[in-house]
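Take a slow look at the model below. Then follow the chains with me, one contact at a time.

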Amino acid sequence: MGAGREFAKGLWSENPIFRVVLGLCPTLAVTTSAQNGVGMGIAATFVLLCSNVIISVLRSFIPRKIRIPAYIVIIATFVTVVDLVMNAYFNPLHKALGIFIPLIVVNCIIMGRAEAFASKNGVLYSLLDGLGMGIGFTISLVAIASIRELLGNGTIFGAAVMGSSYVPFMLLILPPGAFILLGTMLGAMNRVEIALARRAGRAPSIRKEHDCASCAIFAGWSNAADKIKALEEAGR
Amino acid sequence: MKTLVLIIVSAVFVNNFVLNRFLGICPFLGVSKRVSTALGMSAAVVFVMTMASAATWLVYEYLLVPFDLVYLQTVTFILVIASLVQLVETALLKMSPALYKALGIYLPLITTNCAVLGVAVLNVQKQYDLVETTVFGFGAAVGFGLAMLIFSGIRERIELCDTPVPFRGTAIGLVTAGLLSLAFWGFTGLVKM
Amino acid sequence: MKSGTFFGGVHPRYEKDLAGGRPIETMPLPARLVVPFAQNLGAAPKPVVKKGDEVKRGQLIAEPQGFVSVPLHAPTSGVVQAIDVFPHPVGADLPAVVIVPDGKDEWAPGLNVERDAGDLGADALRGVIRDAGLVGMGGAAFPTHVKLSPPKDKPIDVLVLNGAECEPYLTADHRLMAERPAEIVEGASWFAKALGVENVIVAVEKNKPDAIAAMRPAAEARGYAVRALDVVYPQGAERQLIFALTGRRVPAGGLPMDVGVLVQNVGTCYAAFEAVRRNRPLTERVVCVTGRGVANPKNVLARIGTTFGDAIAFCGGLREDAGKIIGGGPMMGVAQYSLDAPVTKGTSGIVVLTRREAVQYAGDPCIRCGRCLRACPMLLNPSVLSVYAERLRFDETAAHHVLDCIECGCCAYVCPSRRPMVHHFRRAKAEIRKKQARAV
Amino acid sequence: MEERLPDAGPKAPGTKEKTEEPIARFLVSSSPHVHEGIRIRSVMGLVIVALLPASVFSIYLFGLPALFTILVSVASAAGFEWLWQKVVRRPGTAGDLSAVLTGLLLALNLPAGSPWWLILVGNLFAIVVAKQLYGGIGYNIFNPALVGRVVLLVAFPVHMTSRWISPSAWGMDAVTTATPLGRAREALLATGSVDAALTRNEAIDLLIGNRAGSLGEVSVILLLIGGIFLLAKRVITWHAPVAFIGSVWAMAGIFHLANPARFADPSFHVLTGGLFLGAFFMATDYVTTPLAPAGKIVFGIGCGVVTVVIRLFGSYPEGVSFGILLMNAFTPLIDRAFKPAVFGARRAKTA
Amino acid sequence: MVAAIIALSALALVASFGLAMVARAFAVPVDPKVEEIEGALPGANCGGCGLPGCSELARRIAEGRADVDACPVGGESVARSISRIMGVAFAGGGARKTALVFCAGDDETARRRFYYNGVKDCASAALLFGGDKLCGYGCLGLGTCAGVCPFGAIEMSALGLPVIDPSKCTACNKCVLACPKKIIKLVPVSRRVHILCSSHDKGAKVRKACSVGCIACTKCVKEAPEGAIAMQDNLAVASGVPEIPDSVAAVCPMNTIRVVDLGISAPADAAGAAAEGAAS
């Protein structure tokens, strides 16, 4: 795989939100305005980039058994850095993003890349991977946030663009609207993927189920995933 | 007492962790395929979140604040939670294998559940005392469990639906969560907190 | 719960007027008779004749295989033309023997003689009934002698004569009760004797007043009760009938004998009379040929093996718009694709529906209206069952008791989505049984 | 949906070969072979008929704007259904009248004179999001009309809660006013108490519909007539409506007894708002409510409790829609809890 | 600063000690091979191997309780990489296979004996007289096989016959088991000539029921090399060895024997058309 491919996969084929469907908590929570989306995206990208690089560097030193706690500590450190920097220089944004800044620690995207990529690949590729994923995440966030802000509030990046006669569709700013919009967009993206796959003559890759069992974190953490699967089989 | 009741009502219905605060979406979508698993997961979450709330509060009040280390909050909390979950798992296994069988397998899933870290951070933000913290953690977890239980029931039915192909799975799950959130929206203003 | 009815059920258009007033006519011998071997539940009897053999009426042509099996007899005298696969009214193509009648209709030696059966004991009666090839003639075709041999720990204290005939259109039992009440009651008395039962109830739906009137003196002469039942389908289904008459509930997965009851169709009683008193094996039965697709609906006494085509021709033939041929009643009978299907021991009627009358299943999604829940006499949840079956989730159908379904068809009858419910359930049952068989 | 008679088809299967007599002649299906004759369309039609008195009365009360709302709503509901099915290439089901019913129900849940775009947005959510994304009729989890209404309520609170017009014959001299529930709320906020006593005249006004409110909710009498019609036709059962209305009355009564100044008369709560519309026409929706009678009762009680809690303590004056919507979400769990028993199973257990 | 370092170190010490204890207490002996094998498996969890999922198969392979080529879907390449992980020599399994429908009786060529009205599912249809085809062996055309295919490789043609896309088919055997008429079989993709009929009826009966059924005229037996085709109970059956040459297709008077290109280099438009159907 070329370096370009490692970077580009985050944009579509392995886009964290629309293809791999991870990191939904911040995606839903902070996308009330495009500005928040950008802020969250950059913060997450920074953490993703740094943690990927550090974990890639340290990958042969970290004992396999405690790698997950080790990753968590590394990630938490960078999150704290972001937290402090944001608080100091972008205070309103920091306020708007609220607890979702510290919660970047448990964002599955970052953990997932650490486990699935950085722990197995060299520094350069890990950096590109982190950057690509981060930008893919940011673009998706901004896209969702723009729609929500534009329709739900009549503005974009704070500027009123819909004209005075526009009655804002407030639902989109509120939690129910966030869920419904993301669900609809995900469905639409799946439709696009199906169309693309058809053109390319391959089978479409759609994550039918969002299940923790396949989440990379748990593969390393314990065999809980298997147990849950077994339980679900038994429950049938 | 009244405050505590209000905290619970608020956490369960008005500001439901999943449906209103977007915390714990991953397990909400991931462990809700069957009602039975959702039930087990909910119970485990209630257990852990209540304990984690108290534990992180203690660490914050008696370790971070006195030593002026508040900026280490995130790192500390996640470590405390991770260790706590592991300890609970070990203790459960030793003390009550039956309970472990019922809840144990869900415990690892909780460690990186942002609802748990979220409740810890919120407790600090809201400046609750120890009792309020514990009650809030409990209430938030019950709200999470309730949402998940309802959702798992619905999902068992969606499984039998003729959903258009692109919407199968997570997409229709999110739309459903949105409609559920809409139904819970009626409780807005029930408690002003 | 007031006596005389049960839970659920539906009120279909009965259409009993079509043939109800027509006395039983004896049908002349057709040009050929197609006699399938499988005419009883359980193992099919094994053929003992071959192509070219000459047979007499009542001669054994297939011998039983095991206890749950009955012998098969030639319906008339003639020549065995072939043994081949033919459409069978149960819904499959099965082997049958084709007999070309010689027109003499000679009985095999020793048969068709009056006998004084008064000194026959219970075992002897069971033997006579078995040798005559008797099966339940209401449709299920369960060997009668097996029913008459309950295990020691399940004594029978009530014998029910099932004259409910709740299936729409059909009037064969109705006519038989109206015309041959004494014979039916005598046949029942042999059953009662074989079982040692005193309490005998004749159950007839209220929409057959002439049958009730005819049966009453005959039954009362022997101390049997006649009960007029509410008109609701499926009143004649064993479990529902037993509950309506006695208030006893047959346990799920159990049999009527679990609650000490035995149910016999009135047609079977008549056949028992013929077997015991006249020494005639079962070679003919009353068949109701009816429906708006038939020119002249009639009740005919037809030989076993008479093809539907011949029977319908005797009734004036098919009308132009005939669209569906049903072996049995329209609620539980089996649609036939061919007029070559023959009358068997279990064929109580041939109903010909016009295309317009026949239901067109669409299989739209279930809208959960709950009508099927209210209609189901077994108190199942057909709605949920059919959804699971549709998605091929057969384990769930088992968990929701699909095996207790009696396939009465009430759910599909009332379904606004026109879902082929019974078809779903039959598939689910087949899959579950397959799985159980594998597990064993 | 129409009778698909085999001889009416373009070609009978397998009979293409020229001159030979067709081999396929008869229909074969599993039993039963006859049908009561009812269709989805006839069921939906009966519900629509039951809603007609209230609909016509709303036009009498609020005039042309009411007619406009109903027409736009019904047309857009049917239109969205048709459009979606065209887009995803599924067989059209607009003929089963379920979309028409959804459109009508949504219209009856809107204030007279709602702007056209509002009605369109409501129906878009009702038909596409709440119904078609789940696979169409029979599969939706939430009542489509209610989803439409609640979406509008949350998204456009001003349009949905404060632009009521007072009723007058054919809407001749309508003025803006507040709904009874809204007035009670305002009084509570202003003075700290509601005017608890419900005079006879006021009660009669509420009963016959001489009050502000959304189109279909105003005339309790006509809704009751519609409901009884459906009960008589056995389209719905009594369980959910009775449990719903009963629990609203009981719960409001308990609060009223505890604090008459703060909480209004239970009869006031029963007669106001969309309770009758909700209880008879939406808490009885087949697809989104429990199947078993016991489940329906639990469902109704749940609706009632949530309704009263929201009315008395929440920030929305009316809680019927939220109550039903929330209980829709509980329906699968209720269905799980109340499975019908098998005939004879009880006996088997004791034996 | 110093306090921070000390505090965090202490915390880390405590936490890591605790975790180390826990890790020891919970040491689940996970064979690293299991993970590796699971990585090599297709991950479709199709159940084609007869086990609940890929991870279960991986475990069994690692424990030696299943063969390295136990995954029918992965084929040779997967078997090869698993054998590398397991450190065993891979002999090279059979040729790649695909499912093929052994019936050519579609709506135009095969006649029906009644109008079927019921559940749109072959197994359900078969409950009523075995199905509505006049030929008792023929495809019922209701698409049960297409429904069970986990890979979207089966499409129903406009004339009501399943069309299997060999490039998507993984020979998982699901359709073979699902078909109530048992007319789907797995064949090596290398084989080109196939006898597309399963009817054991006599020629006259076949002619009446279907215009493309095998009437057991034995022309193909004579044309084909010795042993390639045998008549079994009124049906020509290919033995597999030797291969049937393309020329045999030409002699079949019923057009039952056909040249079917199952090569993966299937024409692009065919694959595209199949994919299109799968997506919509």
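Is R303(C) buried or exposed? R303(C) is buried, because its relative accessible area is 13% and the cut-off for buried is under 20%. Keep in mind that this is a predicted model.

R303(C) has a partner. It forms a salt bridge with D105(C), and the closest N and O atoms are 2.7 Å apart. Side chains of opposite charge can pair when their charged atoms come close. Now find the two residues along chain C. R303(C) sits in strand β14, residues 298–303. D105(C) sits in the loop between β8 (92–101) and α2 (122–131). The two places are 198 residues apart in sequence, so the pair ties together separate parts of chain C.

Stay in chain C for another pair. The side chains of K435(C) and D395(C) meet in a salt bridge, at 2.8 Å from N to O. This pair also links distant parts of the chain. K435(C) belongs to helix α14 (residues 421–439), D395(C) belongs to helix α12 (residues 394–399), and they are 40 residues apart. How open are they? K435(C) is partly exposed, with a relative accessible area of 41%. D395(C) is partly exposed as well, at 43%.

Move to chain B. Here D162(B) and R168(B) meet through their side chains in a salt bridge of 3.8 Å, N to O. D162(B) has 28% relative accessibility, so it counts as partly exposed. R168(B) has 32%, so it counts as partly exposed too.

Salt bridges can also join up. R34(B), E156(B), E159(B), R393(C), E396(C) and R336(D) are linked in a network of them. Over all chains, the structure holds 49 salt bridges.

Two members of that network, E156(B) and R336(D), turn up again where two helices meet. From α8(B), the contact uses L146(B), L149(B), I150(B), G153(B), I154(B), E156(B) and R157(B). From α14(D), it uses A329(D), F330(D), T331(D), P332(D), L333(D) and R336(D). What classes of residue make this contact? There are eight nonpolar, two polar and three charged residues.

Next, look at where chain C meets chain D. Chain C brings 67 residues to the contact, and chain D brings 47 residues. The size of an interface is often given as the accessible area lost when the parts come together. Between chain C and chain D, about 5300 Å² is buried. Carbon and sulfur atoms give 58% of that area. Three residues stand out on the chain C side. R355(C), I367(C) and R368(C) supply 15% of the area that chain C buries against chain D, more than any other three residues.

How many salt bridges cross the interface of chain C and chain D? There are two. R368(C) also meets D335(D) through its side chain, in a salt bridge of 2.8 Å, N to O.

Finish in chain A. T138(A) lies in helix α7, which runs over residues 123–153. T138(A) is buried, with a relative accessible area of 15%. Which residues does T138(A) touch, not counting those up to four places away in sequence? They are V38(A), G41(A), I42(A) and T45(A).

Note on methods
Residues are numbered from 1 along each chain as its sequence is written. Chains are lettered from A and ligands numbered from 1 in the order in which they are written. This is a predicted model: local features need pLDDT of at least 70, side-chain atom pairs count only at pLDDT 80 or more; totals for chains, interfaces and linings use all residues. Side-chain values use heavy atoms; hydrogens and water are left out. A salt bridge is a side-chain nitrogen of Lys or Arg within 4 Å of a carboxyl oxygen of Asp or Glu. Buried means under 20% relative accessible area, exposed over 50%, partly exposed in between (1.4 Å probe, protein chains only). Helices (H or I, at least four residues) and strands (E, at least two) are DSSP runs, numbered from the N terminus. Contact means heavy atoms within 4.5 Å. Ala, Val, Leu, Ile, Met, Phe, Trp, Tyr, Cys and Pro count as nonpolar, Asp, Glu, Lys and Arg as charged, and the others, Gly among them, as polar. Buried area is the accessible area (1.4 Å probe) that two parts lose on being put together, summed over both.
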